[in-house]
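Here are my notes for you on this one, as numbered points. Have the model open while you read.

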Amino acid sequence: MCSYLTSATALEGSGKGASGWFSLTSAMAYFDHPYHSSAEHTLNIDFLNENEGPSARVAVELTADSARALLRCIEEALAAAGTAAAPSGSYEDCHPRPRS
Amino acid sequence: MYSGLTAEETVIAGHGGDEINAYVARPHGSGPFPGVVVIHHMPGWDEATTEIANRFAAHGYSAILPNLHFRDAPGASPDDAAAASRAAGGVPDDRLVGDVAGAAAYLRSLSDSNGKIGVIGYCSGGRQAFLSACSLELDAAVDCYGAFVVGTPPEGMNMRPILHLAENLHCPLLGLFGLDDQHPSPEEVDELENELKRLAKPYEFHRYEGAGHAFFNTTRDSFRPAAAADGWQRIFAFFGRHLAA
């Protein structure tokens, strides 16, 4: 399956890549062919800093079940943090990546 | 099978004269040899695809694998370059055609070339092989489960519908598809076949039961040995007929 569908979001945070830690500016998520996993399709996430070039990337390739489990973990962690992790209203919803 | 081959990375002139890198595998011997342009899948210019080029060389073809993501991330690793290409909307169709033209020109320029050039692509490369065969003077083309030859590509990608280009198909087309695939679905494969029939274009399609997308890929769970073995036989028979001097 080549879905080609990609969703993107701006984000703030840090990630650790091949050359160490760097600031993140965005993330891409897509369910498509992986590079490394043996699964035919995986939920792939690229955490990026687009200002620092294509190698400023933290990549994960997760099976669909694993991705859903991760989503639940993230939601639980955020809920447990209470007001400390309350939505600020400043984040941007995930969206299909615009045509370049 | 040939007794030896030589493989190396080189630089070729791609679309617009841009320099891009490419992997080239050539059989030992005096030739003359036909050439094959191998189009990698969307995850990139990877080891599995270089092994496909090596396989062609072992069977007496000079094979070239242009790095279609080179411009998106010069000097980056192939996986980072693939991600950068995706983030930019994928490989634009016109750039792809120019890069395949450059790769074909490189093969024709080899002193041991017989002048015949085929193209083969997998996954997204299957669509790009069809696009190349409708845009360039090539001698044979193989589409391995290329999605969106039929239908409209998703918004946000640098791709356009291409089925209407079938009337410009310049060479025989071999299509290899899994009946469990959804992109392309069996119905989409039928639609492509009907269009080729209507236009009286030379083609040969094979559909495999129990196989889905990427059944040739030995590094994936989707690998189907029986379908892949039959598919390779079809490919070498097809190229043998159409690329012989």
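1. Let's start with A:Asn44, which sits in strand β3 (residues 42–48) of chain A; strands here are DSSP E runs of at least two residues, numbered from the N terminus. Keep in mind that this is a predicted model, where local features need pLDDT of at least 70, side-chain atom pairs count only at pLDDT 80 or more, and totals for chains, interfaces and linings use all residues. Residues are numbered from 1 along each chain as its sequence is written, chains are lettered from A in the order in which they are written, and side-chain values use heavy atoms, without hydrogens and water.

2. Is A:Asn44 buried or exposed? A:Asn44 is buried, at a relative accessible area of 2% (buried means under 20%, with a 1.4 Å probe and protein chains only).

3. Who surrounds A:Asn44? Beyond four places in sequence, A:Asn44 is in contact with residues including A:Met28, A:Tyr30, A:Asp32 and A:Val60 (contact means heavy atoms within 4.5 Å).

4. A:Asp32 turns up again between the chains: its side chain meets that of B:Arg86 in a salt bridge, 3.0 Å from N to O. The term covers a side-chain nitrogen of Lys or Arg within 4 Å of a carboxyl oxygen of Asp or Glu. Between chain A and chain B, the count is 3 salt bridges.

5. As for the whole interface, 24 residues of chain A and 32 residues of chain B take part in the contact.

Note on methods: Helices (H or I, at least four residues) and strands (E, at least two) are DSSP runs, numbered from the N terminus. Buried means under 20% relative accessible area, exposed over 50%, partly exposed in between (1.4 Å probe, protein chains only).
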